[in-house]
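I opened the notebook to record what I looked up, one topic per entry.

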Amino acid sequence: MAKKNKKEITLDLSSDWGLAPAPESTSHIKLKKKYDLFIGGKFVKPKSGKYFDTINPATEEVLAQIAEADDKDVDLAVKSARKAYDNVWSKLSGKERGKYIYRIARLIQERAREFSVIESLDGGKTIRESRDIDIPLAAAHFFYHAGWADKLEYAFPNRKPEALGVVGQITPWNFPMLMIAWKIAPALATGNTVVLKPAETTSLTALKLAELFQDAGLPDGVVNIVTGHGTTGSHIVNHPDVNKVAFTGSTGVGKIIMKAIAGTNKKSTMELGGKAANIIMEDAPLDQAVEGVINGIFFNQGHVCCAGSRLYIQESVYPIVMRKLKDRMQALVVGDPMDKNTDIGAINSKKQLDTIKNYIKLGKAEGAEMYQPKCNLPKKGYWVPPTLFTNVAQSSTIAKEEIFGPVLAIQTFRTIDEVINKANNTPYGLSAGVWSDKGSKVFNLTSQMKAGVVWANTYNKFDPTSPFGGYKESGHGREGGMQGLEAYLKFD
Amino acid sequence: MAKQDYSLSPKIDQVGILDRVARITARSIKNESKMQGLMMALNMIDLTTLEGADTDEKVKQLCYKAVHLHDSIPNLPTTAAVCVYPNFVKTAVKALKGSNVKVASVATAFPSGHSSREIKLMDTKIAVDNGAHEVDMVISRGKFHSGEYNFVHDEIAAIKEACGKARLKVILETGELGTFDKVRRASDIAMDAGADFIKTSTGKIKPAATLPVTLVMLEAIKDHYYNTGRMVGMKPAGGISNSKLALQYLIMVKETLGGQWLTNEWFRFGASSLANDVLMQIAKQNSGNYQSKDYFSID
């Protein structure tokens, strides 16, 4: 019943009527016990002879063993990519390249369920997201770029676009398959051949994709996949016969790569960290803004470089927004990534779990107030409940550094100028979000955000036609759209 | 106290509403949750007949169905209410005597609402005097669109007074309002004027109830509750004819307002054909097979 005393008014968002487990079936997928390197169109044993385990972060069970590529393996991969470039791929017309890419896109769609299940098993992300976002978007990137393959002359009129040659690509663990699509699709469409290293905690979908390339009849050596840790990546970066390095990952590693390729002819695109501001003006549609904040920070457990991890709320609506945010968080389901109802899955690795926990500890030590809704976390596996921090200063560590987890740092502001200054006061500049019902305010704010991607009244929306990339220490170069094609081409 | 300026009601972003609805419809409701949800849905139905062709006999049959949904399945709940035109209230009250099923009557020149205040009040009073437990009124959409919010507010307040102990459901006819902003505004007016329930539609206009419109109204109810401490019920009506959709509505209520609202005191479905689809699903959950439609009576 309604409570008369105003202070006691709360919603009881729990209910006897719960959601029964609705697990996605995993019986249809086939995983090998051991995965070798994919070089020259074949799976070959690593020269190093070494393998490492890849585990399911939700259960800590070993899924498979993955080969560790050393410098000799990488050299072999680059040689095979060069051979494929010289003898096959550079001789094909754009139209013929496009056919292969279309075929890859269609095969991904056909096997979407298999890929999404493996993505969720290996990376801890929810099946809802891998099924509805990661895999369909990955296919969309191949479709989009397939269309460009024979139209490059039209995309860049009178500029004679030419492929670069062999490109080295290093992808992160947060969107394994999607980031691979972002890298491989434009590289192939523009006529390059590829040596790619997926992140060490999430190699499986890359290797399944290698099997798919075989089925698609992609000529041997056009895409080579070498698995391993950071040193494997450094062998790609430092290989003299690589013409370009495309990297998505942390700003720290990005800086190391840029130093390593300084003074060489290698081109580069860097898609690095972020600490995006999400700004709620007092005239915003508040319930929808709250939904956007939830999507902005808790999407993929906050393992998103463009996550809206700094929330700025105009002071007049601060209490209402906080109340709505906390109510909404109570309805989030945290747990088994394979359950179709799970909103927040497992943290990708033990290492990342420790990082996030350290930041949470630090936030509390620095005097910020923490809020976490009640949730029953599984005993095994790596978990962090959705977390808010209020009473945060612009100089608090949790407001400055990228946490890459489901942790939101909240501040208030009074004037527009104040929030613009605070939002831009960061070494990063990847993305930002603005919430207001007033068009002029939206245009003013979005045009003043120093960030590569700015969303208005929505957040975390992606499309292959839209270029993505950062300002400042969030990187350089764009992926997606025509701008993304340019990053894989040279011009007369 | 100064009158509220309803043009300042919170604004609604359509893209955001649709995004949230997409999250809700992606929920997977299985096994015991499904069974529990289906039982709950049955118990929340206002079994409705609002046709020119209605007869005393048809209303009586509907009342029997409300109490005896499908006797071959044991332990089924009754529906929440039957909903009829005012001239059938007496018949319904008599037929439902001794049961927990309420009698709801539409009133106020349903469905168009084009009539004078006097006639609307009289319409309401006759329904209540004849024993209706609940009154489903329509707002004056013309006045609402022309910005006469105080008129709409005062009319609802007057009808509420005429209802006495009967609970008042206020039909916004969202299919005629045009935007989510206006749905929110009309919801705020109705709740401030004393509505016990806000209801989407008469069922005579398309679109009738939709998930997005219902979400906008549930969020208005939530804000009203936080502002005043008063719970207001929600009734989507029209166009909800299958179990899956009904369960999605219930998930929306659960995640927006919580368990307090998941009873027929605070949530109703206005529907004529939903009950049979829910019954078919319950029979399927029990037996493992779908049965022919012919095993379920049409009333």
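At what angle do helix α2 (residues 94–110) of chain A and helix α7 (residues 204–216) of chain A pack, and how far apart are their axes? I looked this up and found an angle of about 125°, with the axes 10 Å apart.

Before going on, I noted that this is a predicted model, in which local features need pLDDT of at least 70, side-chain atom pairs count only at pLDDT 80 or more, and totals for chains, interfaces and linings use all residues. Residues are numbered from 1 along each chain as its sequence is written, while chains are lettered from A and ligands numbered from 1 in the order in which they are written.

I checked how helices are named: helices (H or I, at least four residues) and strands (E, at least two) are DSSP runs, numbered from the N terminus. Axes are lines fitted to C-alpha atoms, for helices over the stretch in contact, and angles run from 0 to 180 degrees between N-to-C directions. Angles under 35 degrees count as roughly parallel, over 145 as roughly antiparallel, 65 to 115 as roughly perpendicular and the rest as oblique. α2(A) and α7(A) are therefore oblique to each other.

From α2(A) they are A:Y100, A:R103, A:I104, A:L107 and A:I108, and from α7(A) they are A:L212, A:F213, A:D215 and A:A216. Contact here has a cut-off: the C-beta atoms, placed from the backbone, lie within 7 Å. By class I noted seven nonpolar, no polar and two charged residues. Ala, Val, Leu, Ile, Met, Phe, Trp, Tyr, Cys and Pro count as nonpolar, Asp, Glu, Lys and Arg as charged, and the others, Gly among them, as polar.

**Entry: α10(A) and α11(A)**

I looked next at helix α10 (residues 286–298) and helix α11 (residues 318–330) of chain A, whose axes come within 10 Å and cross at roughly 55°. These two helices are therefore also oblique to each other, and their crossing is right-handed. A:L286, A:D287, A:V290, A:V293 and A:I294 in α10(A) meet A:I320, A:V321, A:K324, A:L325 and A:R328 in α11(A). I recorded seven nonpolar, no polar and three charged residues in this contact.

**Entry: a sheet in chain A**

I found an open sheet of three strands in chain A, in the order β1-β5-β4, with mixed pairing. Two strands pair if DSSP finds at least two bridges between them. β4(A) and strand β5 (residues 61–67) of chain A are antiparallel over six bridges. For A:F52, I noted A:I66 in β5(A) as the bridge partner.

**Entry: domains of chain A**

I noted domain 1 (34–272 + 471–491) and domain 2 (277–456) in chain A, with bounds from an automatic or database domain assignment. Their C-alpha centres lie 30 Å apart. The contact takes 20 residues from domain 1 and 25 residues from domain 2.

**Entry: chain B against chain A**

How many residues of chain B are in contact with chain A? I found 34, in contact with 29 residues of chain A. α2(B) gives the largest share of the chain B side, six residues. The residues on that side divide into twelve nonpolar, ten polar and twelve charged.

Definitions and conventions:
Contact = placed C-beta atoms within 7 Å. Left-handed = near helix turned anticlockwise from the far one by under 90°.
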